[in-house]
Amino acid sequence: MVDLKVKLHDIEFKNPVTLASGTCGFARETAEFFEPGLLGGYFLKGTTLKNRDGNNYPRMAETPSGMLNAVGLQNKGIDYFIENIYPEIVDYDTQLVINVNGSTVEDYIALTEKVNELDKINAIELNISCPNVKEGGMAFGVSCPGAEMVTREVRKVYDKTLIVKLSPNVTDIAEIAKAVEGQGADAVSLVNTFLGMAIDAEKRQPLLSTITGGLSGPAIKPIALRMVWQVARAVKIPVVGIGGIMTAADAIEFMLAGASIVQVGTAIFKDPMIPVKIVEGIEDYLKRHNMLSATELIGALQE
Amino acid sequence: MPKKFVKDLNVVENRALNATNFLIKVQSDTKLPEIKPGQFVNIEIKEAEEIFLRRPFSVFEVDYENNIISMIVKILGRGSRKLTEIAVGSRLSIVYPLGKTFTYPAVNDKILLIGGGSGVAPMLFLAKESGLPVENVDILLGARSKEDHINLNNYKKYANLHYASEDGSLGEKGFVTQHSIFTGNLKSYSKIYACGPDGMMRAVAKEAKATNVFCEVSLENLMACGFGVCLCCIEPTSKGNQCVCTDGPVFNINDLKW
C-alpha cells in the first residue's frame, strides 16, 4: 500500500492533489461531479472583505494550449462566505484553504482575523499576485518590500498555516519567495497567472474588456516548473506547485522539482474529473517505482 | 451521487441539416439523467491542438429509451467546424447536464417561441416538452435565407411554424421582430421565449417589456468551465453579475440589465 499523505508545514493533506483558487469555486461546484474527500484539498475562490463584481464581460479568451482570464476577483465578500458557504462545506473530508485578497494591508488583516474564527480552515493563502485588479493584488507581490510588508502584518494576527501565493510577473521570483519566508510565511504557492493579452485582428480590438489578463493552462507549464524548481532551492519552507498541470506526470514533475503538493487549475475546465485521475495516476506511479510514500517525490530530481 | 457527468459517449449520427447546421446524436451506455430544454452539454473537441476549451451546445432532443442526446451544431468557428467532422462510431467526451431550464408554461398558456441561428434547438425542445396543444404554441424562426433554415416538418404536430428570412426566400421578409406574428397582438401570448443572436434577443425583450408579457431568453455568453467556477460567462443582472452557465442560461428579461 502506498501512502499518499503529505504534510505542508503543520497540516496534513491526504494526497498531494489540490485545486487552485479561482478554478474550483467553493468546492461545492466540483462536488456535483465527485466526492470532495477524494482530493487533498481545495484553495477556495479568492475572497475579499466586501462584495466585488469583478471586471466587465468579456473576461476570457482561448489561447493556444491555454486561456486568458480577467475575472477580477468577483466574490460576495468574507461575511457572505462565513454565513452562507462555510456551513455548507465545513464537513467536507478534505483541507479547505481560503485565498484572501486585499486592496490595502488593513483589508488583509481584517480578512485574516475573520478567517481565524473558522475552525475548519487550517490555512490561508495570501494572494499578493492577482493580475486582474487595479489596487492591491499583484501590486504587493511584485516587489520585495511590498510582499514583505503584507506577509509581516498578516503573520502578526494569524497563527495557523500561512501560505503566500506568488506572482510570476517579476524579475526574480526566488527573491520574493525569500522575502516572504523572512517575514514568517509557512509556505509559498506558485505560480499565479502570467500577464498576457489577446487581440481580434479582424476587429482590431482586444479580446478582453481589461485588454490584458492572466494566462493559464499547459502553455505556462514549463515556465512554472522552472520557477518552482528555482524557489524550492532558494527557500527552506515548503512549496505548492501550480501552473498548467493536466496529468499525473505533470504533477509528479512539479513534486520532483521541489513542490510538496500541487494545485490543479485550468485543467478542470477541460475535464472536471482530471484531479481525481491525477490522484490515481500518482498512486500508480509510486507503485511502479516501488515508492512507499508520495513524500519521496518531493525534490527528488536527479540533477 | 453525482448530478453532473463527464463521459465518453458514442456518436451514433452526424448528419448535415443544411450547409451550416448538423444534427449530432450521442449515445450513453448508462441511463441518462433528466435533461430539460435550455440545458446544455459541453463537448471536448479532440485532435485540435489550438482548441483548448470545450464548446457548449444546447440540447435539442433526449431519447431516454435509447439514452441518446441530440444537438444541432451550427458552424460558428474552429471548434464547431471540427465537431461537425466527427465520424459516426467515434466517441465524444461530454459534460452534462449543465445549466437551468425555462419556466414551463401553465396548462392554459399560449406561448411564442422565437429562435434564430443556433438558438433553434432549445425552442423546438421546449415546444415539444410544453405539453400544450398545437394551437397554443407558435414558433417563429429567423434566418438569413431559405438555405439557412432547417426542415422542421416533424414539429408541425407540436406547434404552428412561422418563418422570417432576411432575403424573403422563406416566410416573411425581414427579422423575426418584423414578422406579423410578432408585430401583431403580442399581448395574446402568456409567455414568450427566445434563443438566438444577442441582437435578436434584445429586440424581442424590448417589445416583451413594452407590452408587459412574461419573457425568458437563453443566453450564449462565452464560457470556459460550464459549471460555475471560472466566472467568465457572467451577465450583469439585478442580482449582480451572474454565471450564464449555472444561474442561466435562461434568464427572465426583467432580471437583465437590457
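What radius of gyration would a compact globule of 303 residues have, and what does chain A have? Here are some notes on this predicted model, starting with that point.

1. **Overall size.** For 303 residues, the expectation for a compact globule is a radius of gyration near 19 Å; chain A comes out at 18 Å, so the two agree. Taken along the principal axes, the box filled by the C-alpha atoms of chain A is roughly 55 × 50 × 40 Å.

2. **Make-up and interior.** Chain A holds nine helices and 16 strands. Of its 303 residues, 56% are buried. If you look at contacts in chain A with a separation of 6 or more, 72% of them join residues 24 or more positions apart.

3. **Helices α2 and α4 of chain A.** Do take a look at this pair. The axes of α2(A), residues 105-116, and α4(A), residues 144-157, come within 9 Å and cross at roughly 30°. Angles under 35 degrees count as roughly parallel, and α2(A) and α4(A) are therefore described that way. The crossing of α2(A) past α4(A) is right-handed. On the α2(A) side the contact uses Val105(A), Tyr108(A), Ile109(A), Thr112(A) and Glu113(A), while α4(A) brings Met149(A), Val150(A), Glu153(A), Val154(A) and Val157(A). Sorted by class, this contact has seven nonpolar residues, one polar and two charged.

4. **Helices α7 and α9 of chain A.** Helix α7(A) covers residues 248-256 and helix α9(A) covers residues 274-288; their axes come within 8 Å and cross at roughly 65°. The two helices are therefore roughly perpendicular to each other. Here too, α7(A) passes α9(A) in a right-handed crossing. From α7(A), the residues Ala248(A), Ala251(A) and Ile252(A) meet Ile278(A), Gly281(A), Ile282(A) and Tyr285(A) of α9(A). Six nonpolar residues and one polar residue make up this contact, with no charged residues.

5. **Where chain A touches chain B.** How many residues does each chain give to the contact? Chain A gives 28 residues and chain B gives 24 residues. Three elements of chain A, namely β5 (60-63), β6 (66-69) and α8 (267-270), each supply at least two residues of the side that touches chain B. By class, that side of chain A divides into 13 nonpolar, eight polar and seven charged residues.

Terms used
Residues numbered from 1 in each chain as written. Chains lettered and ligands numbered in written order. Predicted model: local features only at pLDDT ≥ 70, side-chain atom pairs only at ≥ 80, totals over all residues. Axes fitted to C-alpha atoms, helices over the stretch in contact; angles between N-to-C directions. Helix = DSSP H or I, 4+ residues; strand = E, 2+ residues; numbered from the N terminus. Parallel < 35°, antiparallel > 145°, perpendicular 65-115°, else oblique. Left-handed = near helix turned anticlockwise from the far one by under 90°. Contact = placed C-beta atoms within 7 Å. Nonpolar A, V, L, I, M, F, W, Y, C, P; charged D, E, K, R; others polar. Rg over C-alpha atoms; globule rule 2.2 N^0.38 Å. Buried ≥ 20, exposed ≤ 12 C-beta atoms within 10 Å, placed from the backbone.
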